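Hi,

Here is the structure I promised to pass on. Have a look at it first, and my notes on what I found follow below.

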Amino acid sequence: ERDHRDLAERAAADREWTYRHVVVDEAQELSEMDWRVLMRRCPSRSFTVVGDLAQRRSVAGATSWGAMLDRYVPGRWLYRSLSMNYRTPAEIMAVAAALLAEFAPDAQPPESVRACGIQPWSRRVTSDELRSAIEEFTSAEAEREGTSVVIGPPGMPGTVTASETKGLEYDAVLVVQPERILADGPRGASDLYVALTRATQRLGVLHQDPLPQALSGLG
């Protein structure tokens, strides 16, 4: 009888299925157990691994590439840093780089290949003004071509979390209450970095409390 399942379905159903080469994205989030599973599925241990330690959210994820890879391919892996940023314009990357310098001083931010000519902005609002300020942003962006998103701390109405936007990009991004996002310790700094770097053109920040020191350069 002919097997009509596609390759992914057949592989998922076969516990002994292996691959000659595996591409891993968002590799900074993988735990030691995740790596053990991948190595079992790829006996040749031929991988292309892509990740950004500055964006790590998982407490079980990689703190360094050597810590994860040396136990499986000691002396056999090659590190290459992507130094050019094609998504985030220089004006926005300057804001994200200041955050990175404070919370991940060993990380080297990529260099943006372009400027957009639009400076990121911030605005302090009261709790009574917050909802209308978000609506003002979404209404203004609805009149423009392109995509937009409002990113806030978990549970805030009218927003999505930074983790929900990971790997995505938008023409305009509004980050709401960065001080609350940042309050979640090291994971909060990672989430805020992700939020700031989703924008390809326009970035705005609404805050109730004083801006975190790392964002004090915002206009």
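S6 and S7 run parallel and are joined by four bridges, with Ser148 partnered by Ala172 in S7. Bear in mind that this is a predicted model throughout. On from there, S7 pairs with S8, again in the parallel sense, over six bridges. Two of the residue pairs to click on are Leu174, which stands opposite Gly204 in S8, and Val175, which faces Val205 in that strand. S8 also pairs with strand S5 (residues 121-124), in the parallel sense and over four bridges; there, Arg123 stands opposite Leu206.

How covered are these strands? Six of the seven residues of S7 are buried, so the strand is largely enclosed by the rest of the structure. S8 is mostly covered too, with eight of its nine residues buried.

As you know, nonpolar side chains tend to be buried together in soluble globular proteins.

Now the charged pairs. The count comes to 10 salt bridges. One of them is between the side chains of Arg57 and Asp191, at 2.5 Å from N to O. Arg57 sits in the loop between strand S2 (47-49) and helix H3 (65-69) while Asp191 belongs to helix H7, so this pair ties together parts that are 134 residues apart in sequence. Arg57 is partly exposed at 25% relative accessible area, whereas Asp191 is buried at 10%.

Because Arg123 is in strand S5 and Glu136 in helix H5 (residues 127-142), the pair ties together parts that are 13 residues apart in sequence. Both ends are partly exposed, Arg123 with a relative accessible area of 31% and Glu136 with 48%.

Arg144 and Glu141 form another salt bridge, their closest N and O atoms being 2.8 Å apart. Arg144 is partly exposed at 42%, but Glu141 counts as buried at 8%. Glu26, Glu29 and Lys166 are linked in a network of salt bridges.

And the cysteines? How many disulfides are there? The count comes to zero. Cys42 is buried, with a relative accessibility of 0%, and Cys116 also counts as buried, at 18%, since the cut-off is under 20%.

Last stop, Tyr19, in the loop between helix H1 (7-13) and strand S1 (22-24). Tyr19 is partly exposed, with a relative accessible area of 35%. Apart from residues up to four places away in sequence, Tyr19 touches Ala11, Arg41, Cys42, Pro43 and Ser44. Its C-alpha atom is separated by 35 Å from that of Tyr170, which is 151 residues away along the chain.

Cheers

How values were computed
Residues numbered from 1 in each chain as written. Predicted model: local features only at pLDDT ≥ 70, side-chain atom pairs only at ≥ 80, totals over all residues. Heavy atoms only, no water. Buried < 20%, exposed > 50% of the residue type's maximum accessible area, 1.4 Å probe, protein only. Contact = heavy atoms within 4.5 Å. Pairing = 2+ DSSP bridges. Disulfide = S-S within 2.5 Å. Salt bridge = Lys/Arg side-chain N within 4 Å of Asp/Glu carboxyl O.
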